[in-house]
Structure formats: structure tokens, C-alpha cells
Amino acid sequence: MGPRLRYKDSIEQILSEPFDKNLVKPCVESKVFGIGVESFTAGSAEFTLSFAATHEGCLPLMDNGHYHPTEFVSDKIPALLCFYPEIALHITRPVRWDSDHVVLFDDETKEMAKEIVRNDALGRVYMALDFFDASINRISAWTVGFRSWQKALLSALLSPHEELKRLQEENRLTELMVRQEELKTLPFGDVWNEYCVECGVPVDGAWFDEVKKYEDEVLSKRD
Ligand SMILES: [Mn+2]
């Protein structure tokens, strides 16, 4: 308890400094454990959630690489939205106990975006991306990560949430399952490519050559 009380006091001292509450959103981010400090982590989920709940203006921040592999942040998003006006996310890709891998357009990324969109919380969730992987080109990592989250949001925005909600509320669960499975094979890629065209950015399949060219002409000449 001692380290946790010192941690609490430290954050309280930081928050006692004056700052613009509209421009600065203090967050507390929990972690299940850290490499090298597996036996004890002061900022556990219980600690940070309780801190945010009892300190006005302090947001709970969930990093989806900071939970037990059987826990899902997509499931935690609507739980926190019941109590907090605003929450924050560090969107990343966990691999077992490790975090911060490049975000992909995978199931859990899609689920997280879905929970934000279907609960009408786009204006209540701060979405931050952070990831790194030293074994791959950094610009490609950034591009894939950012575009994956954009794809997840677009995919969520294209889902007929009202219709699915009605099926659930009318207990038509078989139909709900059938409908949800059919949604998975709709031509999402065409909508994504059109979105890229409208934004004036390369469609999938067209940007990687530019990155390779930049790597050859600029990055490879750096020490
Ligand atoms: Mn984090």
C-alpha cells in the first residue's frame, strides 16, 4: 500500500498545478504488470480507475495491451462510458504480455471502434495511437497503424447498429447472428478506397512503393 499512497500523492501534487482544463486532459493509465517488475505494479486497474473516479477532470485511460489476455478493452469501453463523461484510449496491439505492436485491422481493433460508434461516443473518447516495432519500416508501421484504426472506425460507421439493436431487443438472436456474419463479407474495401480517393491520399496497394522509394533515396543515406 505504501508505494500506492506515494503514487497517489505524486499525481495529486502534479494535478494541483494550474493548467487549462480544456486543453490538457490528465489521464491515469493502468498496467497489469511491467517487464522486470512482475511482482508488483502500483498503478493497477483498481488503483487508476478509483483515482479517476475520485478526482474530477482526471480521465481513465485504457491501453489495450495492458490487460490479461482474456480481458478485452472493447468490453470495458461501454462499462466506463456508464460512469465517466470522457475516457481515453491508447490503441495498440498486444502480443501476450507485450504491448505497443503496430495496430492492425484485426478483430479486437474493429470491436473497440464498434463500441465507440454504436454507443454514440465519438465525442467522448480520446483515441491515441502508439506503437513501434523496430524490425519493420517506421513509415510503413505508422501508415498501417493509423489506417487500420481509420478502417476500424469506417467499418463501424457502416454497420447498421439500429437494426442490430432492434433484433437484440426483440430477442431475435438467431437473426442477429446471421446478420452479423453476413456483414463481415460486405465489400468494405470499395468504400475504404473511395474514402481514400475523396481524401486525396493513395488507396491500398499504391502507397508502399512511395515508402520504399523514400527509404532508398532518403532514409538509407542517414547514419
Ligand atoms: Mn500505453
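The legends below describe close-up views of a predicted model.

**View A. Protein donors of the manganese ion.** Three residues supply the protein donors of the manganese ion: Glu29 through OE, Asp63 through OD and His90 through ND1. These donors lie 2.1 to 2.2 Å from the ion. Along the sequence, the donor residues follow the spacing E-x33-D-x26-H. Asp63 belongs to strand S2 (residues 59-63) and His90 to strand S3 (residues 87-91), so that this pair, 27 residues apart, links distant parts of the chain.

**View B. Burial of Asp63 and His90.** Asp63 has a relative accessible area of 1% and is therefore buried, the limit being under 20%. His90, with a relative accessible area of 10%, is buried because its value also falls under 20%. Both residues are among the protein donors of the manganese ion.

**View C. Helix H5 and its N-terminal cap.** Helix H5 comprises 20 residues (residues 138-157). At 1.5 Å a residue, H5 should span 28 Å, and its end C-alpha atoms are 29 Å apart, which agrees with that expectation. The N-terminal end of H5 is capped by Asn137, a side-chain oxygen of which lies 2.9 Å from the backbone nitrogen of Ile139.

**View D. Crossing of helices H5 and H8.** The axes of H5 and helix H8 (residues 188-199) come within 11 Å and cross at roughly 115°. This crossing is right-handed. On H5, the contact is made by Arg147, Gln150, Lys151, Leu154 and Ser155. On H8, the contributing residues are Phe188, Val191, Trp192, Tyr195 and Cys196.

Note on methods. Residues numbered from 1 in each chain as written. Predicted model: local features only at pLDDT ≥ 70, side-chain atom pairs only at ≥ 80, totals over all residues. Heavy atoms only, no water. Donors = N, O, S within 2.8 Å, 3.2 Å for Na, K, Ca; no water. Helix = DSSP H or I, 4+ residues; strand = E, 2+ residues; numbered from the N terminus. Buried < 20%, exposed > 50% of the residue type's maximum accessible area, 1.4 Å probe, protein only. Expected span 1.5 Å × (residues − 1). Polar contact = N/O pair within 3.5 Å; in protein donor to acceptor, adjacent residues only side chain to side chain. Axes fitted to C-alpha atoms, helices over the stretch in contact; angles between N-to-C directions. Left-handed = near helix turned anticlockwise from the far one by under 90°. Contact = heavy atoms within 4.5 Å.
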